[in-house]
Amino acid sequence: MRDKPFAITLDPGSSLANHTGSWRTMKPVYLDRLPPCNAGCPAGENIQGWLFHAESGDYEQAWRVLTLDNPLPAIMGRVCYHPCEDVCNRGHLDSAVGINSVERFLGDEAIRHGWKFDKPAATSGKKVLVVGAGPSGLSAAYHLARLGHRVEIHEAGPLSGGMMRFGIPKYRLPRQVLDAEVARILDFGVTLKLDTRVTNIEDSMHSGNFDAAFLAVGAHIGKRAFIPAGDAARIMDAVSVLRSMEGEERPLLGRRVVVYGGGNTALDVARTARRLGATETIIVYRRTREKMPAHNTEVEEALQEGVMIKWLSTIIHAGEHDLTIEKMALDEKGYPQPTGEFETMAADSLVLALGQDVDLSLLQNVAGLEIKDGMVQIDGNMMTGHPGIFAGGDMVPSERTVTMGVGHGKKAARHIDAWLRHRSYVPAAKHEPVTFDMLNPWYYSDAPKIMRPVLDAIRRQSGFEEVQGGLDENNALFEARRCLSCGNCFECDNCYGVCPDNSVIKLGHGKRFRINYDYCKGCGICVAECPCGAIKMVPEDV
């Protein structure tokens with residue numbers, strides 16, 4: 001009796017008659033998709049790119065990829081409100097990746113180890129003036145220097161940092177962190193001139209032989225409101241109060257402090273007042289919490305520290321030792337309306353936190369430059385109506401955050417570089433966005449988000465020690481590894497393992513895979529089983 005033959009598995013290509021690709025109407029293709037974190041970052045960071053290096057433990061390379069877009073990661077890891085995390089796909093699975101936490105860790109590591117930026121390979125011979133040493137100006141200067149241009153920053157104040165220094169309290173941003181990241185930019189070759197006010201931009205450009213200019217003056221002028229007041233009423237603006245915290249003499253606010261406004265600046269002033277010894281600090285805001293522009297985390301921390309908030313209220317008179325408050329009510333459209341109900345509130349001082357304006361006096365009589373509603377008008381290339389003068393940050397219509405300012409600086413630098421080289425800057429085309437429904441979350445294990453340590457509320461009321469702590473290396477590594485790598489292959493080998501036709505060919509580490517379409521039936525199993533949505537079925541004729 002003859003033995004039965006053993007079953008034999010043929011490798012692809014072992015039989016010319018085994019071609020199965022002719023059965024297909026649809027075929028799988030590998031592609032790179034745009035992760036929501038990258039798309040949601042106002043600074044345009046390649047978040048997924050630097051997280052890839054962080055999760056492998058190569059923190060310096062992660063920092064170098066990060067700083068290709070943002071030169072201030074230790075600062076941003078403290079003050080950015082991380083919109084990237086709001087759109088993170090992991091939030092649909094358990095909770096968003098702590099991107100901001102890892103960014104801060106990388107920034108702190110760079111300061112601790114003294115990492116420096118690599119010098120540009122070539123110089124252009126062009127010279128650019130940057131007006132203002134805030135986030136937008138520093139970012140533009142850094143990116144222009146990377147592109148080989150000589151850059152000089154003229155700052156009217158005695159210290160660098162702009163509103164990062166004079167508008168963000170030390171308990172949120174320690175000054176040694178700010179100074180370290182500014183020093184690294186200056187070490188990169190950028191020149192900074194402090195106490196140098198630009199009174200006429202055209203004169204400054206001509207006298208300094210500058211080929212282009214970027215205007216990045218911060219919003220340092222506090223807005224006022226008409227509040228009838230007695231001669232002895234103590235009324236200050238929030239910007240002046242926060243700015244005075246950088247001097248030797250701290251502001252005298254008294255024991256009972258009222259702050260009028262609902263933004264982050266109002267919360268910063270109220271929390272600062274508590275630290276200066278105020279026993280009672282109340283924020284008066286004319287709308288509800290849902291309409292409050294301040295970030296929710298800031299509101300929660302303020303409440304923990306004993307700051308009180310009086311909603312649906314407005315101030316109509318300031319006396320010597322008290323304020324008159326009128327209650328508001330929402331109409332059918334949700335807008336606050338006066339009710340005619342009044343109450344008196346004791347107060348030693350009233351701080352107005354109603355927003356800030358930019359000093360635009362340096363732009364008087366500049367030909368072609370248009371100012372509308374206190375904002376400099378720019379085109380899609382961030383250039384004003386005057387050739388060679390660009391603007392960004394608080395000076396132009398946009399959201400006023402550090403992250404947005406850094407993004408403006410980078411974008412402007414690229415357009416300035418192109419203008420100096422007599423060409424146009426065309427951004428690379430964006431990939432197709434990846435959404436949660438494109439992922440296969442079954443392959444990802446549960447991994448709860450690591451929360452950053454927070455200083456005890458009692459200690460927060462008596463000093464300016466940093467409130468929110470950072471992650472250690474183990475926690476930062478864990479948090480980075482929570483990334484789902486949405487839309488981009490990370491070589492998990494799932495497609496290689498599940499293909500019933502062995503038509504997926506592994507190309508080696510870092511090279512990903514390709515498909516041998518002679519043997520692919522177009523069954524779509526690889527697409528269904530790809531964890532990160534990096535494979536797509538397309539019609540056969542595409």
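# Burial and contacts in a predicted model

Me: Is C41 buried or exposed?
Reply: The relative accessible area of C41 is 12%. Under 20% counts as buried, over 50% as exposed and the range in between as partly exposed, using a 1.4 Å probe and protein chains only. C41 is therefore buried.

Me: How is the model to be read, and what is its average pLDDT?
Reply: The model is predicted, so local features need pLDDT of at least 70 and side-chain atom pairs count only at pLDDT 80 or more, while totals for chains, interfaces and linings use all residues. Residues are numbered from 1 along each chain as its sequence is written, and side-chain values use heavy atoms, with hydrogens and water left out. pLDDT is the predictor's confidence in each residue, from 0 to 100. In the protein chain, 95% of the residues score at least 70, and the average is 90.

Me: How many disulfides does the structure hold?
Reply: A disulfide is a pair of cysteine sulfur atoms within 2.5 Å. For C41, the nearest cysteine sulfur is that of C84, 6.2 Å away. The sulfur of C532 is 3.9 Å from the closest one, in C530, which is too far for a bond. The number of disulfides is zero.

Me: Which residues touch the most other members of the largest nonpolar core?
Reply: A nonpolar core is a set of buried Ala, Val, Leu, Ile, Met, Phe, Trp, Tyr and Cys residues joined through side-chain atoms within 4.5 Å. The largest one has 67 residues. Leaving aside neighbours within four places in sequence, I416 is in contact with V128, L144, A212, F214 and F390. The residues that touch the most other members are W50 and I416.

Me: Why is helix 3 described as largely enclosed, and by what?
Reply: Helices are DSSP runs of H or I with at least four residues, numbered from the N terminus. Among the buried residues of helix 3 are Y59, W63 and R64, and the buried residues pack against helices including helix 2 (47–55) and helix 16 (473–480). Six of the eight residues of helix 3 (residues 59–66) are buried, so it is largely enclosed by the rest of the structure.

Me: What is the relative accessible area of R104?
Reply: R104 is found in helix 6. Not counting residues up to four places away in sequence, R104 touches residues including P73, R452 and E466. R104 is buried, and its relative accessible area is 5%.

Conventions:
Contact means heavy atoms within 4.5 Å. Helices (H or I, at least four residues) and strands (E, at least two) are DSSP runs, numbered from the N terminus.
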